2 protein chains.
Amino acid sequence: MHKFTVLVVEDEKNICDFISKVLTSHDYRVSCASTGKEALSLASSLCPDIILLDLGLPDLDGIEVIQKIRSWSGNPIIVISARSLEDDKVQALDAGADDYLTKPFGTSELLARIRTSLRHSNKISSNGLPQHPFRAKGLEIDFFKRNITVNGQAIHLTPIEYKIVAFLAQNSGKVMTYSAVMNNVWGPYAESDNKILRVNMANIRRKLENNPAQPIYIFTEVGVGYRMVDEDIL
Amino acid sequence: MHKFTVLVVEDEKNICDFISKVLTSHDYRVSCASTGKEALSLASSLCPDIILLDLGLPDLDGIEVIQKIRSWSGNPIIVISARSLEDDKVQALDAGADDYLTKPFGTSELLARIRTSLRHSNKISSNGLPQHPFRAKGLEIDFFKRNITVNGQAIHLTPIEYKIVAFLAQNSGKVMTYSAVMNNVWGPYAESDNKILRVNMANIRRKLENNPAQPIYIFTEVGVGYRMVDEDIL
DNA sequence: TTTTTTGCTAAAAAAATGTTAAAATTTTCT
DNA sequence: AGAAAATTTTAACATTTTTTTAGCAAAAAA
């Protein structure tokens, strides 16, 4: 049975420990962060199934943390805050939070809201990976085996190259901005300059495309980002 | 632009009227039901984009209403209730409600939670733009994927061209003054001369229109601005 | 008709992206 | 540990795409 991973972001240690204990006893796997920076790195490296976020962090503005995570990930975020002002709620929800819980709250309500959020993000399976391999025009990506073939021929990609391709494939048809890709691959503190991404894309295309100058799998939208071709309909 | 339909289920007439007024003034289409039975039949016939449900109904148990609706529809349900007991919330959420709001609540929080729910059901995307594409006379604009097609044929627009078209489409039917478009695209310090906008419009029409001299999508109101054709009714 | 406004084309300037090779770093293997 | 291999990053430069500018034609308003 798969355990869901919860990232708890909370600077008060006793609250964090309490939530941690409750969740662990209900069969969640829990990680904790006590600062905004820690939260961002863990959100990126851990890919938790859900994030509980206290807005009163010592280093970063809570709203910015939400927006940053939202810019490259769809992880559900439940805000937990002592502030009960309506404006705070509106801000957080509009920034991309999925729910807003005011302290103090009961543990059974917290658990119920976690279940509801997990239900909402249920389009992807519990490990965050799509259930079926991605197929388009002879390109096949098996996310479980982590291998890629073009017309049956196995293609070797380096870890970074694979991350880029997998991220684009999981959002196929949609233009993913350069910064979304960068943050997804190099984490929340990626450079704003995308030259690294450009050389990786050149290498990826050399391996994937028949004619890299006229790609059929990964298109660039100048000034915006990259787009993976639509998945074949089944 | 498309209006979202909200079904308000509430037996106290003055509350119902109040919510109705608030939502209508924020550009939602509102229908009301005052009993559970009415709610069920309207939920099925109307297929509202979202349902606001008061649990204290005269005829049916609120929890059963949620389950009943959930059995055939994934429409988001936000529970609105005077009962603030934790058990009530847990019950409602586990029955399939997407959110639980305790009376009294502020209108801006209600609106924010409605937006969040619409986002969850993929009706709108994280940037607040409609998730469902704009369609008119064979022109289709998918804001989510950043895709434009004319009669199924993909059209490539540059970032500035896309901004212009998107802005007009989001305000389709209304004349947008040249300065409004300029400010939207080039920011608040845009030039007052609109010659740049004119050449962009020429390029846009060359790509979109069959006969740019007699456009069917973007019209010129001489001396005023541009107007995107009305969206097709569904 | 005259004036104003809008449309169109082509060329320039500017910005963004692709490409290659070499240096730096990490990983793997003996 | 040390060498070899693979990967990642940096840097320089080529190429493509986009944006702006300028000039004139066409259409609409006065």
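I began with Leu157(B), which is buried because 21 other C-beta atoms lie within 10 Å. For the record, I call a residue buried if 20 or more other C-beta atoms lie within 10 Å of its own, exposed if 12 or fewer, and partly exposed in between, with C-beta atoms placed from the backbone.

A note on the model before going on. It is predicted, so I keep to local features with pLDDT of at least 70 and to side-chain atom pairs at pLDDT 80 or more, while totals for chains, interfaces and linings use all residues. Residues are numbered from 1 along each chain as its sequence is written, and chains are lettered from A and ligands numbered from 1 in the order in which they are written.

**Entry 1: around Leu157(B)**

I found Leu157(B) in the loop between β9 (153-154) and α6 of chain B. My elements are DSSP runs numbered from the N terminus: helices are H or I with at least four residues, strands are E with at least two. Which residues does Leu157(B) touch, leaving aside its neighbours within four places in sequence? I get Ile148(B), Tyr162(B), Val165(B) and Lys207(B). Contact here is two C-beta atoms, placed from the backbone, within 7 Å. I also looked up Ile204(B): 47 residues along the chain from Leu157(B), with 7.5 Å between the two C-alpha atoms.

**Entry 2: chain A overall**

I count eight helices and 12 strands in chain A. Along the principal axes, the C-alpha atoms of chain A fill a box of roughly 60 × 40 × 25 Å. Buried residues make up 33% of the 234 in chain A. Of the contacts in chain A with a separation of 6 or more, 57% join residues 24 or more positions apart.

**Entry 3: the five-stranded sheet of chain A**

In what order do the five strands of the open sheet run? I read β2-β1-β3-β4-β5 (chain A), with parallel pairing. Two strands pair for me if DSSP finds at least two bridges between them. β2 (29-33) and β5 (99-102) of chain A are at the edges with a single partner strand each, so one side of each has no neighbour in the sheet. Neighbouring strands of this sheet are turned by 20° against each other on average, direction ignored.

I then took the strands in turn. Four of the five residues of β1(A) are buried, so the strand is largely enclosed by the rest of the structure. β1(A) pairs with β2(A) in the parallel sense over five bridges, and Leu7(A) stands opposite Ser31(A) in β2(A). β3 (residues 50-54) and β4 (residues 77-81) of chain A run parallel, joined by four bridges; there Leu53(A) has Val79(A) as its bridge partner.

Helix α1 (residues 13-25) of chain A lies across β1 (5-9), β2 and β3 of chain A, at about 165° to β2(A). For such angles, axes are lines fitted to C-alpha atoms, for helices over the stretch in contact, and values run from 0 to 180 degrees between N-to-C directions.

**Entry 4: a hairpin in chain A**

β11 (residues 218-221) and β12 (residues 225-228) of chain A run antiparallel and share four bridges. Glu221(A) is opposite Gly225(A) in β12(A). Three residues lie between the two strands of this hairpin, and Gly223(A) in the turn has a positive phi of about 85°.

**Entry 5: the DNA strands**

Near means a C-beta atom, placed from the backbone, within 6 Å of the molecule or strand. DNA strand C has 21 residues around it, the closest being Val199(A), Ala202(A), Thr220(A), Val199(B) and Thr220(B). α8(B) gives the most to this surface, six residues.

DNA strand D has 17 residues around it, and Thr158(A), Pro159(A), Ile160(A), Thr158(B) and Ile160(B) come nearest. Two or more residues each come from α6 (159-170) and α8 (195-208) of chain A and from α6 (159-170) and α8 (195-208) of chain B.

**Entry 6: where the chains meet**

How many residues of chain B are in contact with chain A? I get 20, against 23 residues of chain A. The largest share of the chain B side, seven residues, comes from α5(B).
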